[in-house]
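Please take a moment to look at the model on the screen, and then I will walk through it slowly.

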Amino acid sequence: MGTSVSEPLSVSGTNLTRRFKKGDFALDVPFIEAPAGRTLALLGPSGSGKTTLLQLLGLLDRPDAGEVRLGGERVTPADRAAVLSMAAVFQRPYLFKGSVRANVEYGLSIRGVPRARRGAAISSALARVGLAGYEDRSALQLSGGEAQRVSLARALVVEPQVLLVDEPLASLDPLLKRKLTHDFATILRAEGVTVIYVTHDQDEALVVADSVAIMNRGRIVVHGPTEEIAGLAEDEWTASFLGVEPAAKGIVTASSGGLFQVSIGDASIAVVGEAPVDTAVLISVRPEDVILVESGAGLPPLSARNLLEATILELELYGATVRVTLQVGHERLAASVSRAASADLGLQTGMQVRAMFKASAVRWRRA
Ligand code: ADP
Ligand code: MG
């Protein structure tokens, strides 16, 4: 656990708008909340307004209209105590020449923490980010990953109530990025601090965040718990951004023992979960969870397995895999199969196949 003595605070924004003198970008956010002690990801393509919203919520910029609340109290960039209760980590670590200690100490000196107390705070922060004993290293000779850890330590050392994080891993190579994403997620959970985490990368958002707000053109298009957002998109834009097909709407027709049936057109789909009969739900299956077999293939029926007749609409090559868009009744479904599997089955557009996926692979939420 972190050594934070103060309780984390929620951050929320209501009716926030922001326009700039140049350009036609307009941020318009009726409501957004980062719950206390949790990580909210602002996820969206470049230019969607993530940094603009982060800066408003983080009191680094003023909205044209609307308000920001910290722990329920209205705050502005003029509230010094509120500003000092937040700390930020950016894409570039902005480390200055000198020791790691001097870099991490910076926020403590700004906040007037007595020198005698700084050493222990610095060692603790470095240990929490996995850099115990790095105090005397030269900040400009660190690797990219170490530099971002120092940047995180520099923010954590002031024991902020809110941590603002803007694409901290975006300039790292993919392998290091994946490792550091998991490490950052673990560190942030252990700290128990309220985090607003900006990223354009959905995999990163899904790993670090408890809730996600997806942004497009200055607006929030979806906002909810990560497990509900993951792979479940109501509209075409969000679906294509997440690389899934839009979710299908259905009605629960039967429910027992942690498994329920959803009727969608002529099809009935088994889903793992608890939902009462007659509930309207949205369901979706990630392409990598769908297996294609030959139409008419003899497979024993299992209640926990879905087997649907489908027509191939489109085949697209994605590196080593083939993404297959399928028509199932009036709905679309996508499957991701290896090139070898695609060749084996002789997949081509217009062909009939059967799509198979486990009841546990179906993502769902109430419509
Ligand atoms: P993101 O972080 O999602 O990439 P930003 O919030 O940085 O997006 O920017 C959203 C839009 O606002 C972009 O089109 C950007 O060019 C514009 N923008 C951001 N800051 C300013 C500014 N200070 N002046 C003019 N335009 C800006
Ligand atoms: Mg940005």
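**Around the ligand**

Let me begin with ligand 1, which has around it the residues Phe20, Lys22, Phe25, Pro45, Ser46, Gly47, Ser48, Gly49, Lys50, Thr51 and Thr52, where a residue counts as near a molecule if one of its heavy atoms lies within 4 Å of it. Before I go on, please keep in mind that this is a predicted model, in which local features need pLDDT of at least 70 and side-chain atom pairs count only at pLDDT 80 or more, while totals for chains, interfaces and linings use all residues. Residues are numbered from 1 along each chain as its sequence is written, chains are lettered from A and ligands numbered from 1 in the order in which they are written, and side-chain values use heavy atoms, with hydrogens and water left out.

Which atoms of Gly47, Ser48 and Thr52 come within reach of an oxygen atom of ligand 1? For Gly47, a polar backbone atom is 2.7 Å from an oxygen atom of the ligand, and for Ser48, a backbone N or O atom lies 3.1 Å from an oxygen atom of ligand 1. For Thr52, the atom in question is an N or O atom of the side chain, at 2.6 Å from an oxygen atom of ligand 1.

Lys50 and Thr52, which are among the residues around the ligand, also belong to the buried residues of helix 1, together with Leu53, Leu54, Leu56 and Leu57. Here, buried means under 20% relative accessible area, exposed means over 50%, and partly exposed is in between, using a 1.4 Å probe and protein chains only. Helices (H or I, at least four residues) and strands (E, at least two) are DSSP runs, numbered from the N terminus. Because six of the eight residues of helix 1, residues 50-57, are buried, this helix is largely enclosed by the rest of the structure. After helix 1 comes Leu59, whose phi is positive, near 60°.

**The chain as a whole**

Stepping back, the chain has 10 helices and 20 strands, and 47% of its 367 residues count as buried. Its C-alpha atoms fill a box of roughly 75 × 45 × 40 Å, taken along the principal axes. If we take the contacts with a separation of 6 or more, residues 24 or more positions apart account for 65% of them, contact meaning heavy atoms within 4.5 Å.

**Helix 3 and its surroundings**

How do helix 3 and helix 5 pack? Helix 3 (residues 100-110) meets helix 5 (residues 144-156) at an angle of about 35°, with the axes 7 Å apart, and the crossing is right-handed. The contact involves Val100, Asn103 and Val104 from helix 3, and Val150, Ala153 and Arg154 from helix 5. Those residues divide into four nonpolar, one polar and one charged.

Also in helix 3 is Glu105, which counts as buried because its relative accessibility is 19%. Its side chain makes a polar contact with the side chain of Arg118, at 3.0 Å, and, leaving aside neighbours within four places in sequence, Glu105 is in contact with Arg115, Arg118 and Ile122.

**Loops, and a glycine in a strand**

Ala78, in the loop between strand 5 (73-75) and helix 2 (80-84), counts as exposed because its relative accessibility is 57%.

I will finish with Gly250, found in strand 11, residues 248-256, which counts as buried at 6% relative accessibility. Not counting residues up to four places away in sequence, Gly250 touches Val262, Ser263, Ile264, Thr279, Ala280 and Val281.

Definitions and conventions
Axes fitted to C-alpha atoms, helices over the stretch in contact; angles between N-to-C directions. Left-handed = near helix turned anticlockwise from the far one by under 90°. Nonpolar A, V, L, I, M, F, W, Y, C, P; charged D, E, K, R; others polar. Polar contact = N/O pair within 3.5 Å; in protein donor to acceptor, adjacent residues only side chain to side chain.
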